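Here is a quick tour for anyone opening this model for the first time. Have a look at the sequence and the fold, then read on.

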Amino acid sequence: MRFADYFGRALSGVCSVQFPWVKMFKESPLSKLIDVPLSHVPEPVYKTSADWINQRPVEALGSFVLWAFDCILTDLAAHQGGAKGGKKGSQSQQHTSSKSQVAIFVALAMVLRRKPDALTNVLPTLRENPKYQGQDKLPVIVWMMAQASQGDISVGLLSWAHNLLPVAGSKNCNPQSRDLILQLVEKILSNPKARTILVSGAVRKGERLIPPPSFEILVRLTFPASSARVKATERFEAVYPLLKEVALAGAPGSKAMKQVTQQIFTVALKLAGEGNPTLAKEATSIAIWALTQNVDCCKHWDNLYQENLEASVTLLKGLVDGWKEHSLNLSSSPSNAAALNRTMKSFRLKNEEAITEGRGNGSLYKEADKSCKVISGRLSRGSGCLKGTAITVVVLAAAAALLSSNPEATSELKSLVDSLELHQYYNSIVTAFKN
């Protein structure tokens, strides 16, 4: 608080008439607000302050951010009360008069720029505490996030995706608020190094910049039904490709990424069945991406199949129509091809059962079964080459396991055999090596 006190004394002569921040925040675009009021702070003062901030623990700075925001909201309430004919000189106005309001903005901006993590630490509080909710508070929150993004655009995007994107996706969000939210992400992505920084740093300190729930909101906003398009839709379409790249970025095959791809697959499958053709097309491509990245999504899909039948029909058609492209990844290894083949077999059993029982959605099951049959046939045609490759892999693995006499190696070999469905070859290969 001493930091704010210093600026409070130094800027005590600045009155609300000289710094009409409420009016400025209502009428000015974010591009003009970002440097308000720091542009009036001398460089030597800024540098000394920044050095002092760097020495403070981020937890303490997070507390300061909330304190400063509370002061700003108190002043905002006083302005709103005055506008409604409230009494002047109220306790809330007296509270903020003890320090120049411009001083609080200066101190807060410096902290957020020098230590952006001070904002990330309080994002859950800003998201969950009712006193920070409301579209009247949104301009200040966006300004705060813009300050943090000046120090680290990753923090800016993380804050936007976690806290603002859900607001933009809510039914109560008005066009002005949606415009302000878009201004922030447009500003972040305008950084010449944005793609490099954000895609390579899609996970920050264990937290995804754009988690699957936020990505779902983004997809919905970008691909609404034709009758639901608004002015903001084109702007979401413009930022979507890079944001999608960030949302899907990660280390392929890692445990964390496998979890993410399953979550994204679940979201995409749901979106594909909502009856919006434009949304379904994009959701199908995302679901297929998830399948190609993580073969375990096949098993996950099997569990979700019947409760997402219409979406599954769309996804199966997408696989059939784009087989030349998708098969390069889906059949890139014997284990991947075997997993997909098992899934198709499971689907066909479910289809047959539903059709035989005469269920009401039998036409969907029949449609799905046609695609399953095509996919299974295409997998079978390529199985000869894949099977030969698989047997070679098993032979080499068996040799390594037996020569090393390593129980772990033998266990891994058996897992490989299970995944490739090569049980009939396993015993003869192992016997041959032993002899």
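What share of the 435 residues in the protein is made up of buried residues? Buried residues make up 48% of them, where buried means under 20% relative accessible area, exposed means over 50% and partly exposed is in between, using a 1.4 Å probe and protein chains only.

## Before you start

This is a predicted model, so local features need pLDDT of at least 70 and side-chain atom pairs count only at pLDDT 80 or more, while totals for chains, interfaces and linings use all residues. Residues are numbered from 1 along each chain as its sequence is written, and side-chain values use heavy atoms, with hydrogens and water left out.

## The overall picture

The protein has 25 helices and two strands. Both kinds of element are DSSP runs numbered from the N terminus: helices are H or I with at least four residues, and strands are E with at least two.

## The nonpolar core

In soluble globular proteins, nonpolar side chains tend to be buried together. Here, the largest nonpolar core has 124 residues. Such a core is a set of buried Ala, Val, Leu, Ile, Met, Phe, Trp, Tyr and Cys residues joined through side-chain atoms within 4.5 Å.

Which residues have the most contacts inside this core? They are L157, W160, F215 and W301. Setting aside residues up to four places away in sequence, W301 touches F265, L269, L291, S312, L315, L316, L319, M344 and F347.

Two packed helices are described by the angle between their axes and the distance between the axes. The axes are lines fitted to C-alpha atoms, for helices over the stretch in contact, and the angles run from 0 to 180 degrees between N-to-C directions.

Helix 18 (residues 296-304) and helix 21 (residues 334-357) have axes that come within 9 Å and cross at roughly 10 degrees. That makes helix 18 roughly parallel to helix 21; angles under 35 degrees count as roughly parallel, over 145 as roughly antiparallel, 65 to 115 as roughly perpendicular and the rest as oblique. From helix 18, C298, K299, W301 and D302 meet A339, L340, T343, M344, S346, F347 and K350 of helix 21. This contact has six nonpolar, two polar and three charged residues. In this count, Ala, Val, Leu, Ile, Met, Phe, Trp, Tyr, Cys and Pro are nonpolar, Asp, Glu, Lys and Arg are charged, and the others, Gly among them, are polar.

## Helix 10 against helix 11

Now for another pair: helix 10 (residues 138-151) packs with helix 11 at an angle of about 150 degrees, with their axes 6 Å apart. Helix 10 is therefore roughly antiparallel to helix 11. The helix 10 side of the contact consists of L138, I141, V142, M145, A148, S149 and G151, and they meet I153, V155, G156, S159, W160, N163 and L164 in helix 11. By class, that contact has nine nonpolar, five polar and no charged residues.

Helix 11 (residues 153-168) also holds S154, which counts as buried at 7% relative accessibility. Leaving out residues up to four places away in sequence, S154 touches I197, L198, R204 and L209.

## Helix 4 across helix 7

Helix 4 (residues 43-54) packs with helix 7 (residues 101-114) at about 60 degrees, with their axes 10 Å apart. That makes helix 4 oblique to helix 7. In helix 4, Y46, S49, A50, I53 and N54 meet M110, V111, R113 and R114 in helix 7. The contact has five nonpolar, two polar and two charged residues.

R114 is partly exposed, with a relative accessible area of 36%. Apart from neighbours within four places in sequence, R114 is in contact with Y46, A50, I53 and N54. Helix 7 also contains A103, which counts as buried at 1% relative accessibility.

## A spot between the strands

Where is K205 found? K205 sits in the loop between strand 1 (203-204) and strand 2 (207-208). K205 is exposed, with a relative accessible area of 67%. Its phi is near 50 degrees, a positive value in a residue other than glycine.

Technical notes. Contact means heavy atoms within 4.5 Å.
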